[in-house]
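Reader: I am new to this structure and would like to take a close look at a single part of it. Could you guide me through one residue and its surroundings, with care and in some detail?

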Amino acid sequence: MATNETPNASDLWKPFRYFLGSWTGTGRGKPGVSTTTRTYSLTLADQFIEVKSLSTYEPQESNPSGEVHEELGLISYDKGRSRYVLREFHVEGYVNQYVLEPLAPGSQKMIFVTEAIENIPPSWQARTTLEILSRDSFRETFELAGPGKPWSCYINSDLHRAP
């Protein structure tokens with residue numbers, strides 16, 4: 001997985017190659033139960049990884065109509081900081097800018113923590129953890145922390161490589 005080392009141009013995306021392709025899965029959390037489709041693909045002359053995600057939440061008592069959540073993300077490598085950056089654009093107008101925390105070699109978890117969030121009250125934070133479970137499945141945990149509050153899980157999603 002990710003390390004503290006600066007990657008060579010030839011292996012810039014090595015920590016993310018596992019994720020490239022199409023995924024489907026289910027999620028469970030505060031907004032309810034969802035089905036999710038996601039793709040990770042190299043784009044713009046392989047300078048970025050584009051992440052497209054669509055989650056459909058079942059109707060529930062607190063949201064009888066259900067909900068469709070769409071987001072677009074771009075992962076880049078910031079050479080000046082020697083860090084991977086994920087920028088997510090959400091259908092609700094939120095924009096999250098995360099930085100990948102350095103991880104030990106061989107780690108099965110990638111943890112992205114926000115350094116900026118647009119269109120949300122100040123001092124909120126978000127954290128996204130991608131944990132590889134097997135050759136063809138991973139879990140994404142999305143957490144939020146309000147001002148002065150601890151992390152709270154908003155949703156867990158289990159995704160499986162699409163055939």
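Author: In this predicted model, Arg38 has a relative accessible area of 4%, and because that value is under 20%, Arg38 counts as buried. Arg38 belongs to strand β2, which covers residues 32-43, and that strand is part of a barrel closed by 10 strands, with antiparallel pairing, in the order β1-β2-β3-β4-β5-β6-β7-β8-β9-β10. From one strand to the next, the twist averages 25°.

When neighbours within four places in sequence are set aside, the residues in contact with Arg38 are Gly21, Ser22, Trp23, Val51, Lys52, Ser53, Phe138, Glu140 and Leu159. Strand β9 spans residues 137-145 and runs antiparallel to strand β10, residues 152-161, with eight bridges joining the two; among the paired residues, Leu144 has Ser152 of β10 as its bridge partner.

The side chain of Arg81 makes a polar contact of 2.8 Å with the side chain of Asp78, while Gln97, Val99 and Glu115 are in contact with Arg81 once neighbours within four places in sequence are left aside.

Key:
Residues are numbered from 1 along each chain as its sequence is written. This is a predicted model: local features need pLDDT of at least 70, side-chain atom pairs count only at pLDDT 80 or more; totals for chains, interfaces and linings use all residues. Side-chain values use heavy atoms; hydrogens and water are left out. Two strands pair if DSSP finds at least two bridges between them. Helices (H or I, at least four residues) and strands (E, at least two) are DSSP runs, numbered from the N terminus. Axes are lines fitted to C-alpha atoms, for helices over the stretch in contact, and angles run from 0 to 180 degrees between N-to-C directions. Buried means under 20% relative accessible area, exposed over 50%, partly exposed in between (1.4 Å probe, protein chains only). Contact means heavy atoms within 4.5 Å. A polar contact is a pair of N or O atoms within 3.5 Å; within protein, one must be able to donate a hydrogen and the other to accept it, and residues adjacent in sequence count only if both atoms are side-chain atoms.
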